Amino acid sequence: YEMNKCVYCHYPNKIVIFGYGVEKVYSLLKEKLPLNTKIGIFDSDYCKNENEIIEFLEKVRNNEVQIIIGTQMLSKGHDFAHLSLVIIFMHNLCTYDYRMYETLMQNLLQISGRVGRNNIESEIILQVIDHTEYKITPNDYEDFCYAELKRRKEWNLPPYTTSISIHVIDIKQTTLLMYELKETFNNIQIAITAQNIILMIINSDEIQKYLEILHNNFMQKYK
């Protein structure tokens, strides 16, 4: 089966195979590294419950795992005593979500808390899909905040305005709803920020008006 058009908007010849899953990364490392390298996968498919998570973390503590491949689960409060290098790759800055830089900084702050816990020298390497205008490191948090607030003020984005996030249960309706919203509200920013999430940027003092229009005209039609 060959997919050559978007299943949501049906636009042809715009499908790009993109990104790597943890299993693909695992296979690539197995090919490139010595046979005795101990590699473990830490994500919701391999660690489905509390017991499996505890078992995996115990293996890490006992040095039975040298390289951990995982998703954002890795950054959520776990203690990896001997972890000295973290690589974040294929981080997507090519989105319409105005919070993309903020999300990246949050991830860096979370993951930086996982390395160098035993006073060992540690390093974080970040690969992004698109360029970033910032020097983003966990140590530059205050500078990042000032730069990000300046950017949002210039572009009239929250917290200087207000956002309404619409979560669409039926993913196929997301694009249709966005087009209708743009026809109804042609003077505000509207974008799909995820597969089933539409974000509207409005003036803070008009939020009640927009909520009422959404409720009366769209909420019964779309789910």
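The side chain of Asp43 reaches the backbone nitrogen of Tyr46 at 3.1 Å and that of Asp45 at 3.2 Å. Each is a polar contact, meaning a pair of N or O atoms within 3.5 Å; within protein, one must be able to donate a hydrogen and the other to accept it, and residues adjacent in sequence count only if both atoms are side-chain atoms. This is a predicted model, in which local features need pLDDT of at least 70 and side-chain atom pairs count only at pLDDT 80 or more, while totals for chains, interfaces and linings use all residues. Residues are numbered from 1 along each chain as its sequence is written, and side-chain values use heavy atoms, with hydrogens and water left out.

**Asp43**

- Asp43 lies in the loop between strand S1 (39–42) and helix H2 (50–61); helices (H or I, at least four residues) and strands (E, at least two) are DSSP runs, numbered from the N terminus.
- Asp43 is buried and has no salt bridge; buried means under 20% relative accessible area, exposed over 50%, and partly exposed in between (1.4 Å probe, protein chains only).
- A salt bridge is a side-chain nitrogen of Lys or Arg within 4 Å of a carboxyl oxygen of Asp or Glu.
- The nearest side chain of opposite charge to Asp43 is Lys48, 7.7 Å away; Lys and Arg count as positive and Asp and Glu as negative, with His and the chain ends not counted.
- Leaving aside neighbours within four places in sequence, Asp43 is in contact with Val22, Thr71 and Met73, where contact means heavy atoms within 4.5 Å.

**Nonpolar surface patch**

- Leu85, Ile87, Phe89 and Ile125 make a nonpolar surface patch of about 340 Å².
- Patches are made of residues with over 30% relative accessible area and no salt bridge; like charges are joined within 9 Å, and nonpolar side chains (Val, Leu, Ile, Met, Phe, Trp, Tyr) within 5 Å.
- Strand S3 (residues 85–91) supplies the largest share of this patch, three residues.
- Phe89 is in strand S3 and counts as partly exposed because its relative accessibility is 34%.

**Backbone exceptions**

- Most residues other than glycine have a negative phi, and most peptide bonds are trans.
- Asn63, in the loop between H2 and strand S2 (67–70), has a positive phi of about 60 degrees although it is not a glycine.
- Asn156, in the loop between H4 and S5, also has a positive phi, near 60 degrees.
- Pro158 and Pro159 are joined by a cis peptide bond with omega of about 10 degrees.
- Pro159 is found in the loop between helix H4 (141–154) and strand S5 (162–167).

Notes:
Accessible areas come from the Shrake-Rupley method with a 1.4 Å probe; for residues, only the protein chains shown count as cover.
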